[in-house]
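Here is a short briefing to read alongside the coordinates.

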Amino acid sequence: MSESLVTYELDGPVALIGLNRPDKRNAINEAVIDVLRAAVHRAGEEADVAVLHGHGKNFCAGLDLGEALTRAAGQTTPPRKRKRHSWHEVFDTIARGPIPFVAALHGAVVGGGLELATAAHIRVCDESAFFGLPEGQRGIFVGGGGTVRIQRVVGYTVMADMMLTGRLLSAAEGEREHIVRYVVPEGQALKKARELATVIAENTPDTNWRITNLLPRINDLSHDDGLFVEYLNSNMQRSPETAERLREFVEGRAKPLVAPN
């Protein structure tokens with residue numbers, strides 16, 4: 001894996017995946033996507049939870065506009081056959097893959113960076129974070145799943161305002177609009193994300209998979225169909241660990257729940 005673009009570290013059950021183009025504000029190009037794909041698949045194989053973060057002063061400033069200009073100017077050769085959008089493929093693997101992802105956000109979280117962040121299941125930011133969708137001012141449109149993910153998080157009116165006017169949301173506004181669940185002091189986002197990932201890793205892998213894969217799919221269904229799929233899920237065979245955890249609770253041996261700070 002190219003350390004010049006994406007870093008990867010395994011810390012027990014938690015994989016740390018870091019965007020590493022700080023001089024470009026961690027802007028995403030196809031080379032980054034290729035390395036990120038490998039990191040995400042690796043994490044799915046050997047970790048129980050992954051944390052996404054950015055090196056330097058920003059999480060991610062979005063699409064590499066230099067590469068976008070090359071395409072817009074017709075200076076690239078189109079593929080002979082149409083393929084699935086590479087960003088969609090990788091971000092979907094994050095959103096609906098085998099393990100949960102926690103995003104640690106700071107500095108710029110804009111454009112494609114916000115699309116990547118919303119692919120994660122839990123998002124933490126520090127007070128330096130700001131959120132934006134500047135595609136309208138750049139003459140382009142979201143293309144990394146934002147029409148689906150971001151719109152479902154913040155709603156049409158907020159997303160339209162951000163795109164039409166170029167409005168940037170502060171960390172506090174990001175929390176208000178449900179982009180993030182936790183806001184921490186500057187420089188503490190990665191620490192908090194790792195703490196949350198450690199807690200999540202204590203769940204059974206089967207339960208984590210159901211939470212990250214069944215919930216969003218049921219949300220896409222009608223009321224009756226959602227209840228039916230929930231019923232089917234409740235009758236699926238459970239792992240042996242499930243019975244042991246229930247036994248621990250019944251016998252008073254389970255750890256008490258602790259609310260995260």
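Is Cys125 buried or exposed? Cys125 is buried, with a relative accessible area of 0%, where buried means under 20%, exposed over 50% and partly exposed in between, using a 1.4 Å probe and protein chains only. This is a predicted model, in which local features need pLDDT of at least 70 and side-chain atom pairs count only at pLDDT 80 or more, while totals for chains, interfaces and linings use all residues. Residues are numbered from 1 along each chain as its sequence is written, and side-chain values use heavy atoms, leaving out hydrogens and water.

**The chain as a whole**
- The protein chain holds 12 helices and nine strands; these are DSSP runs numbered from the N terminus, with helices (H or I) of at least four residues and strands (E) of at least two.
- Of its 261 residues, 42% count as buried.
- Taking contacts (heavy atoms within 4.5 Å) between residues at least 6 apart in sequence, 71% join residues at least 24 apart.

**Cysteines**
- Cys60 is buried, with a relative accessible area of 0%.
- A search of the whole structure finds zero disulfides, a disulfide being a pair of cysteine sulfur atoms within 2.5 Å.

- Strand S1 (residues 6-11) and strand S2 (residues 14-19) run antiparallel and are joined by six bridges; two strands pair if DSSP finds at least two bridges between them.
- Leu10 stands opposite Ala15 in S2.
- Two residues lie between the strands of this hairpin, where Gly12 takes a positive phi near 65°.

**The S5-S7-S8 sheet**
- Three strands make an open sheet in the order S5-S7-S8, with mixed pairing.
- Strands S5 (108-110) and S8 (169-170) stand at the edges with a single partner strand each, so one side of each has no neighbour in the sheet.
- Strand S7 (residues 130-132) runs antiparallel to S8, and two bridges join them.
- Phe131 has Leu169 in S8 as its bridge partner.

**Helix H7 and its surroundings**
- Helix H7 (residues 156-165) has Val158, Met159, Ala160, Met162 and Met163 buried.
- Those buried residues pack against helix H4 (112-117), S7, helix H5 (135-138), helix H6 (149-154) and S8.

- As background, most residues other than glycine have a negative phi.
- Arg25 is not a glycine, yet it has a positive phi of about 55°.
- Look for Arg25 in the loop between S2 and helix H1 (30-46), where the residue is partly exposed, with a relative accessible area of 40%.
- His178, also not a glycine, has a positive phi of about 70° and is found in the loop between helix H8 (171-176) and strand S9 (182-184).

**A nonpolar surface patch**
- Phe228, Tyr231 and Leu232 form a nonpolar patch on the surface, with about 330 Å² of accessible area together.
- Patches are made of residues with over 30% relative accessible area and no salt bridge, joining like charges within 9 Å and nonpolar side chains (Val, Leu, Ile, Met, Phe, Trp, Tyr) within 5 Å; a salt bridge is a side-chain nitrogen of Lys or Arg within 4 Å of a carboxyl oxygen of Asp or Glu.
- Tyr231 lies in helix H11 (residues 223-234).

Notes. Accessible areas come from the Shrake-Rupley method with a 1.4 Å probe; for residues, only the protein chains shown count as cover.
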